[in-house]
Amino acid sequence: MDWGTELWDQYDILDKHTQSGLDLVEKYVKFVKERTEIEQNYAKQLRNLTKKYSPKRGSKEEQECRFSNHQAFLDVLNEMNDYAGQRELIAENMMINICIELTKYLQDLKQERKMHLLDAKKAQQSLEGTYKQLDNSKKRFEREWREAEKATQNADKTDQDLNATKADVEKAKQQAHMRTHIAEECKNDYAAQLQKYNKEQNQFYFTDMPLIFNNLQDMDERRIKKMAQGYIQFSDTERQVMPIIGKCLEGITRAGTNVNERNDSVVLIEQHKSGFERPGDLEFEDYSQGINRASSDSSLGTPKGPLELLGKNKNKTFRLFNKKSKLPSSSLSPFSTPPTPSPANGPPSPKFGRDPLSYCLKEINKTVKPRISSFRTLKRTPVDTEGFTHLPPEQRRKRLQQKIDDISKELQKEMDQSEALGKMKDVYEKNPQMGDPASLAPQIAQTAQNMERLRGDLNKYESWLAEAGGRGDSIRYSTHSLNNNGAHNPSSPGALSDDTDPSHDIYTEFDDDFEVEELAAPIGQCTALYNFPGSSEGTISMQEGEVLSVVEEDKGDGWTRVRRNNGDEGYIPTSYATITLNK
């Protein structure tokens, strides 16, 4: 079925229908344009949002990205930024593939429709002109035929009139004959015009207009097909970026799953652990027998106390360290640090006596006063940042070990360069045409100086590390210091086997001592007061009530080395067990 056959008499309907189709194309183009504007604004707002919450370079937030939850949030921001890029890509593809293409196609359709309607108008005007000619010839034939009838009647009347002369009769007959002849000519002209009109009318209704209507039908069907493709393209444009958007969403999910609350706690401990010991218990001072101020240096510190320690006593014991309190000048020593939180299932809180203020003042006198002289010296002289003596013990050891690693890497580079220069010098000596061996002397000398300087720095920092406890007791600080992947620091036992570390010699003696300590006989027993998971490197798990053998006494860092009956050894918190030593 086609328009030329079924709708041959519906020109106005087809005119309106094709115009409404073009209006729909234009409306759809406007719709897609507004959609692209929405996508662009959405992408712009997303980018502004991610920029707003992204940490600035060198800011405190950027430094906190070492924690997994902060890094996960940064990953979320990056994924959202990529997601915004995909929304921009959707807007760009829609503008190019739909708006621009349909706009150009719409102009072609308007031009084609105008041409078809113009052809129809010309055919209509041609048929109307032929019909006017037919009507004129018909009216002329009618008029001449009436005149011929009148002339014939007048000739008959004159012929019957007795008073009319023969000349009058003859004249009337000639007039009637002339009029009849003219009427016959008009009749023939009318017949010719009628035949012509019928032919053109047949051509108009059966050939010309059906062809024009069919062309309009073909144009409209092509428009509809193009619109269907535009609808599909509208969906495909977004579907094409769905895999990448899915990856962005998967990245956000992966960022959430990568958050490790335990590792974040370990990172915070490794970053801010000072290594100072907590104040020991006070002994009873019997004033009835004279003042006997006993030292508490022999009391055992604990590596970690329970959270209840701060919760129950922070308003009573540590009120001295609040911002509103005024401390003696000696309490501002860099050797004192505030207490740190401890496991919730740890040992009970120590008892500080009836007067917390007196306890704190006495503790300050015992721990800080002996160091006042050195503190005053520090006030007069610049801080020794090279040896990191201004840092707490634990942080100092880490910084020294890091410095040793950096120097070792630089030394290895200089050694490689020295070896390369030596080989090049040998080549020049064997083949003088390739170069002058003397030209390498300055570089070789400079490399030797650099190596000598780096070796001196390495020895210096190794001695500082040994002085700071990097040898011997440092194992109890490093065995429970893990990074996020569960690997231990270079100062831990696992790192001592690295043959490529230039600082290996400093731990050789420690390895020998450690092996001897493993074979040492028990020096006592202990009973676990609390459960301890022993998840850190070098520690051992224990259950409440379990009895273990003590193979190494607490050195003052809060860790005691124990052994099970099956031979497993490791460190446990001293405060998590009751210890009985052999006498």
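K460 is partly exposed, at a relative accessible area of 26%. Here buried means under 20% relative accessible area, exposed means over 50%, and partly exposed lies in between (1.4 Å probe, protein chains only). K460 belongs to helix α11 (residues 441–467). Its C-alpha lies 9.0 Å from that of G387, across 73 residues of sequence.

The model is predicted: local features need pLDDT of at least 70, side-chain atom pairs count only at pLDDT 80 or more, and totals for chains, interfaces and linings use all residues. Residues are numbered from 1 along each chain as its sequence is written, and side-chain values use heavy atoms, with hydrogens and water left out.

The protein contains 13 helices and five strands. Both are DSSP runs numbered from the N terminus: helices are H or I with at least four residues, strands are E with at least two. Of the 583 residues, 34% are buried. The protein exposes about 36,800 Å², and carbon and sulfur atoms supply 51% of that area. Accessible areas come from the Shrake-Rupley method with a 1.4 Å probe; for residues, only the protein chains shown count as cover. Among contacts (heavy atoms within 4.5 Å) with a separation of 6 or more, 76% join residues 24 or more positions apart.

The largest nonpolar core has 38 residues. Such a core is a set of buried Ala, Val, Leu, Ile, Met, Phe, Trp, Tyr and Cys residues joined through side-chain atoms within 4.5 Å. Y28, V32, I98, M209, F213 and L216 touch the most other members. Helices α2 (11–53), α4 (68–160) and α5 (166–257) each supply at least two residues of this core. The largest share, 16 residues, comes from α4.

Leaving aside neighbours within four places in sequence, F213 is in contact with W3, G4, L7, W8, Y11 and L14.

Aromatic pairs were then counted. Rings of Phe, Tyr and Trp (its six-membered ring) pair if their centres lie within 6.5 Å; planes under 30 degrees apart count as stacked, over 60 as edge-to-face and the rest as tilted. The count is 14 pairs. F31 and F234 form a tilted pair, with 5.6 Å between centres and 35° between planes. F31 lies in helix α2 and F234 in helix α5, so this pair ties together parts that are 203 residues apart in sequence. F31 is partly exposed, at 44% relative accessibility. F234 is buried, at a relative accessible area of 19%. Ring pairs also link Y28, F31, Y231 and F234 into a cluster.

A charge also meets a ring. The charged end of K226 sits over the ring of Y105, 5.6 Å from its centre. The criterion is NZ of Lys or CZ of Arg within 6 Å of the ring centre and within 35 degrees of the ring normal.

The strands were examined next. Two strands pair if DSSP finds at least two bridges between them. Strand β1 (residues 524–528) pairs with β2 in the antiparallel sense over four bridges. In this pairing Q525 stands opposite S549 of β2. Strand β2 (residues 547–552) is joined to β3 by three bridges, again antiparallel. The bridge partner of S549 in β3 is R563. The β2 and β3 hairpin has six residues between the strands, and G556 takes a positive phi near 110°.

Strand β3 also pairs with strand β4 (residues 569–573), antiparallel, over five bridges. R561 has Y571 as its bridge partner in β4. This hairpin has five residues between β3 and β4, and G567 in the turn has a positive phi of about 100°.

Five of the six residues of β2 are buried, so β2 is largely enclosed by the rest of the structure. In β3 (residues 559–563), five of the five residues are buried, so this strand is also largely enclosed by the rest of the structure. W559, R561 and R563 point one way from β3, T560 and V562 point the other way, and all are buried.
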